[in-house]
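Colleague: Could you take a close look at the aromatic pairing in this one for me? I'd like the rings first, then whatever surrounds them.

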Amino acid sequence: MSNIKLTRWDSAEYLRTEEDIAAYLDACMEEAGDDAAFIGMALGNIARARGMTQLARDTGLGRESLYKALSGEGNPSFATILKVVNALGLRLHAEIAHS
């Protein structure tokens, strides 16, 4: 039996363009359902790809509190989500859900 070497997947490493980021967030929002922590984690991945320190400056929030809120285990307020989305240059859109 051969040894298989696994490496940890990090989405942030593949979010290089604005289009990549928008498509990633859109896919995550589609997949998340009502799991707010999943969206927080997706925003955290985008934030790491863009630079958490700069995002902290742009939002006026502390870097450590952003890491915690966007870890997937945090519980960011909607106000924090909006600040992060705006600072990342993204927009949230609503559309009619078709079941």
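Modeller: The count comes to one aromatic pair, taking rings of Phe, Tyr and Trp (its six-membered ring) as paired if their centres lie within 6.5 Å. That pair is W9 with Y14: the ring centres sit 4.4 Å apart and the planes meet at 5°, so it goes down as stacked (planes under 30 degrees apart; over 60 would be edge-to-face, and the rest tilted). As for cover, W9 counts as exposed at 59% relative accessibility, while Y14, with a relative accessible area of 41%, is partly exposed. The cut-offs there are under 20% for buried, over 50% for exposed and partly exposed in between, with a 1.4 Å probe and protein chains only.

Mind you, this is a predicted model, where local features need pLDDT of at least 70 and side-chain atom pairs count only at pLDDT 80 or more, though totals for chains, interfaces and linings use all residues. Residues are numbered from 1 along each chain as its sequence is written, and side-chain values use heavy atoms, with hydrogens and water left out.

Of the 99 residues, 31% are buried. Counting contacts (heavy atoms within 4.5 Å) between residues at least 6 apart in sequence, 47% join residues at least 24 apart.
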